[in-house]
Amino acid sequence: MKKILVLWTTFRSTSTAFKMMMQARGDFIVLHEPFSLYYFGSEERKSDRCAKAEINPAYNFQPLFQDLINKAQSQPVFIKDMALYIYERADEAFLSHFNHTFLIRHPAKSLPSLFAGWPDFHLSETGYAELYQLFEVTKAFLGQVPPLIDSDDLVQKPEATIKAYCDAVGIPFMPQALKWDPKICSKIWTLPWEGDWHTYLQSSREFKERDRKNYVSVENNEHLKQAYDYCLPYYQRLYEHRLRIE
């Protein structure tokens with residue numbers, strides 16, 4: 001079995017665009033947040049975000065994890081997922097199945113986008129503390145810093161950033177995958193997930209900065225300001241370990 005290539009991240013981090021690029025490569029089975037399904041399993045839910053959704057034991061952690069392992073028996077697998085879903089389960093047995101990479105985005109950009117979809121989001125849903133914790137656990141497990149990229153580099157220097165990423169994880173760089181058919185985004189969620197997260201990506205063809213003029217700014221909302229103050233130190237610590245992109 002080859003290790004599963006994973007991009008751990010937070011909400012609203014440009015990670016779905018990254019996933020679309022990986023899908024455009026054509027050499028991986030690409031899965032979108034498989035561990036998010038735990039919101040819909042029969043195990044104890046730590047969030048009431050999807051409390052009205054139908055419970056399904058198939059969405060418990062162990063069946064989801066085993067399904068990934070089974071898929072990786074025959075083909076390379078890439079997933080992008082949220083650290084907050086699994087950071088408490090990240091023991092050595094879990095970590096050993098993955099080739100770990102990380103994506104971060106400045107909270108001044110990610111939080112207003114999160115607020116637009118979930119204006120009632122909790123601090124625990126921002127995911128920065130959990131991403132930092134998973135990064136530190138992974139770094140200790142590996143004995144080295146895992147590859148980490150910053151969203152600003154991704155959208156401002158996509159070719160150099162993706163090339164550096166590919167070099168870091170030992171896969172060929174495919175420049176043709178930097179542009180994709182937006183149809184590959186047509187069906188991301190098959191579950192009753194709240195929020196309209198991917199409308200923009202229905203017409204997206206490449207990495208680029210988004211116009212954020214319709215978002216509430218951190219400075220103009222007390223809830224966002226509190227979340228920003230909470231998240232920023234974790235982002236700054238992670239940022240120190242980013243791949244330097246020329």
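Analyst: A residue is buried if its relative accessible area is under 20%, exposed if it is over 50%, and partly exposed in between (1.4 Å probe, protein chains only). This is a predicted model, with local features needing pLDDT of at least 70 and side-chain atom pairs counting only at pLDDT 80 or more, while totals for chains, interfaces and linings use all residues. Residues are numbered from 1 along each chain as its sequence is written, and side-chain values use heavy atoms, leaving out hydrogens and water.

User: What share of the contacts links residues 24 or more positions apart?

Analyst: If you take contacts (heavy atoms within 4.5 Å) with a separation of 6 or more, 79% of them are between residues 24 or more positions apart.

User: Nice. What about Leu178, is that one buried or exposed?

Analyst: Leu178 is buried, because its relative accessible area is 12%. You'll find Leu178 in the loop between α8 (158–169) and α9. Setting aside neighbours within four places in sequence, Leu178 contacts Pro158, Glu159, Ile162, Phe173, Arg205, Glu206 and Phe207. From C-alpha to C-alpha, Leu178 and Ala17 are 9.8 Å apart in space and 161 residues apart in sequence.

User: And at the other end of the scale, is Arg244 buried or exposed?

Analyst: With a relative accessible area of 53%, Arg244 is exposed. Arg244 lies in the segment after α9. Its C-alpha is 8.3 Å from the C-alpha of Ile149, a residue 95 positions away in sequence.

User: Switching topic: how do α6 and α9 cross?

Analyst: Two packed helices are described by the angle between their axes and the distance between the axes. The axes of α6 (residues 128–142) and α9 come within 8 Å and cross at roughly 30°. That makes α6 roughly parallel to α9. The α6 side of the contact has Tyr128, Ala129, Leu131, Tyr132 and Phe135, and the α9 side has Tyr230, Cys231, Tyr234, Tyr235, Arg237 and Leu238. By class, the contact of α6 with α9 has ten nonpolar, no polar and one charged residues.

User: Wait, what are the cut-offs for these words?

Analyst: Axes are lines fitted to C-alpha atoms, for helices over the stretch in contact, and angles run from 0 to 180 degrees between N-to-C directions. Under 35 degrees is roughly parallel, over 145 roughly antiparallel, 65 to 115 roughly perpendicular, and the rest oblique. Ala, Val, Leu, Ile, Met, Phe, Trp, Tyr, Cys and Pro count as nonpolar, Asp, Glu, Lys and Arg as charged, and the others, Gly among them, as polar.

User: And at what angle do α5 and α9 cross?

Analyst: Roughly 140°, with the axes of α5 (residues 107–117) and α9 (residues 222–239) coming within 9 Å. α5 and α9 are therefore oblique to each other. Pro107, Ala108, Leu111, Pro112 and Phe115 of α5 meet His223, Leu224, Ala227, Tyr228, Cys231, Leu232 and Tyr235 of α9. Sorted by class, the contact of α5 with α9 has eleven nonpolar, one polar and no charged residues.

User: Last one: what's the phi of Arg12 and of Thr14?

Analyst: Most residues other than glycine have a negative phi. Phi of Arg12 is near 60°, which is positive, and phi of Thr14 is near 70°, also a positive value. Arg12 is in the loop between β1 (4–9) and α1 (15–25), and Thr14 is in the loop between β1 and α1 too. Arg12 is buried at 17% relative accessible area, whereas Thr14 is partly exposed at 21%.

Conventions: Helices (H or I, at least four residues) and strands (E, at least two) are DSSP runs, numbered from the N terminus.
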